[in-house]
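Here's a quick tour of one model, written for someone who likes to check side chains by eye. Have a look at the sequence and the fold, then read on.

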Amino acid sequence: MSRTGDHGAVPPEFSEFFRAEYPRLVRTLAATGARVEEAKDVAQEAMLELAGIWPNCRRPYGWVRKVAWHKYLKIAERDRKRTNGEWQACLHPQVVQDCDDPDEREWVRQQLVELPPRQRAVMALYVDGYSTDEIAELLKTEVSTVRSHLRHARVALRRGLEGERGDGL
């Protein structure tokens with residue numbers, strides 16, 4: 001007997017479960033932030049794992065959602081780390097190069113590194129000359145969210161400047 005039943009056939013109960021739950025699982029993952037293709041891949045992987053343990057799984061609905069959610073979180077974390085690394089690698093060269101003093105250049109670079117990734121991205125695009133509307137479109141977010149990130153980034157940079165110079169600008 002194979003892991004999917006006699007002669008490699010999928011048990012009828014699993015086939016019914018898959019047809020009913022796969023689309024729901026994809027919608028759930030997409031609603032939590034996964035891209036549709038990502039959600040389909042993750043849901044399919046979770047369903048394949050479930051097929052392997054189907055006869056012994058007492059709560060397939062919860063099990064498959066939990067497995068799919070954990071798989072998606074791994075992908076999201078990997079993507080977050082990659083994006084964060086890309087932003088740290090480029091750290092907006094124009095802002096850094098506009099500084100004449102090497103120590104000042106390093107200070108600006110350090111201030112930018114300390115910003116959260118989204119604030120850093122918004123600030124870099126804004127300094128590049130993009131409008132808040134354009135940034136929102138590029139980052140696929142609301143204009144109000146871009147303005148909020150920009151405001152928080154400015155406050156953080158201002159605090160860093162005040163703390164460094166001690167002159168209470």
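By about how much of a helical turn are Trp 69 and Tyr 72 separated in helix 3? About one turn, since they sit 3 residues apart in that helix. Helices here are DSSP runs of H or I with at least four residues, numbered from the N terminus.

## Ground rules

This is a predicted model, so local features need pLDDT of at least 70 and side-chain atom pairs count only at pLDDT 80 or more, while totals for chains, interfaces and linings use all residues. Residues are numbered from 1 along each chain as its sequence is written, and side-chain values use heavy atoms, with hydrogens and water left out.

## The cores

Start with the largest nonpolar core, which has 21 residues. Such a core is a set of buried Ala, Val, Leu, Ile, Met, Phe, Trp, Tyr and Cys residues joined through side-chain atoms within 4.5 Å. Buried means under 20% relative accessible area, exposed means over 50%, and partly exposed is in between (1.4 Å probe, protein chains only). Among the residues with the most contacts inside this core are Phe 14, Phe 17, Leu 50 and Val 64. Helix 1 (12-31), helix 2 (36-53) and helix 3 (60-90) each supply at least two of its residues, and helix 2 gives the most, with 7.

Leaving aside neighbours within four places in sequence, Leu 50 is in contact (heavy atoms within 4.5 Å) with Phe 14, Phe 17, Cys 57, Pro 60, Trp 63 and Val 64. Apart from this core lies another, of 11 residues, among them Leu 112, Leu 115, Ile 135 and Ala 153.

## Aromatic pairs

Rings of Phe, Tyr and Trp (its six-membered ring) pair if their centres lie within 6.5 Å; planes under 30 degrees apart count as stacked, over 60 as edge-to-face and the rest as tilted. The whole structure has 7 such pairs. In one of them, the rings of Phe 17 and Trp 54 have centres 5.4 Å apart and planes at 50 degrees, so the pair is tilted. Phe 17 is in helix 1 and Trp 54 in the loop between helix 2 and helix 3, 37 residues apart, and both are buried.

Back to Trp 69 and Tyr 72: their ring centres are 5.8 Å apart with planes at 45 degrees, so this pair is tilted. Trp 69 is partly exposed at 36% relative accessibility, whereas Tyr 72 is buried at 9%. Tyr 72 also touches Glu 38, a helix 2 residue that counts as buried at 10%.

## Salt bridges

A salt bridge puts a side-chain nitrogen of Lys or Arg within 4 Å of a carboxyl oxygen of Asp or Glu, and a search of the whole structure finds 6. Glu 21 and Arg 65 form one, with the closest N and O atoms 2.6 Å apart. That pair links helix 1 to helix 3 across 44 residues. Glu 21 is buried at 3% relative accessible area, while Arg 65 is partly exposed at 27%.

Lys 71 and Glu 49 make another, at 2.7 Å from N to O. Lys 71 lies in helix 3 and Glu 49 in helix 2, so the pair ties together parts 22 residues apart in sequence. Shared partners also join Glu 21, Arg 24 and Arg 65 into one network.
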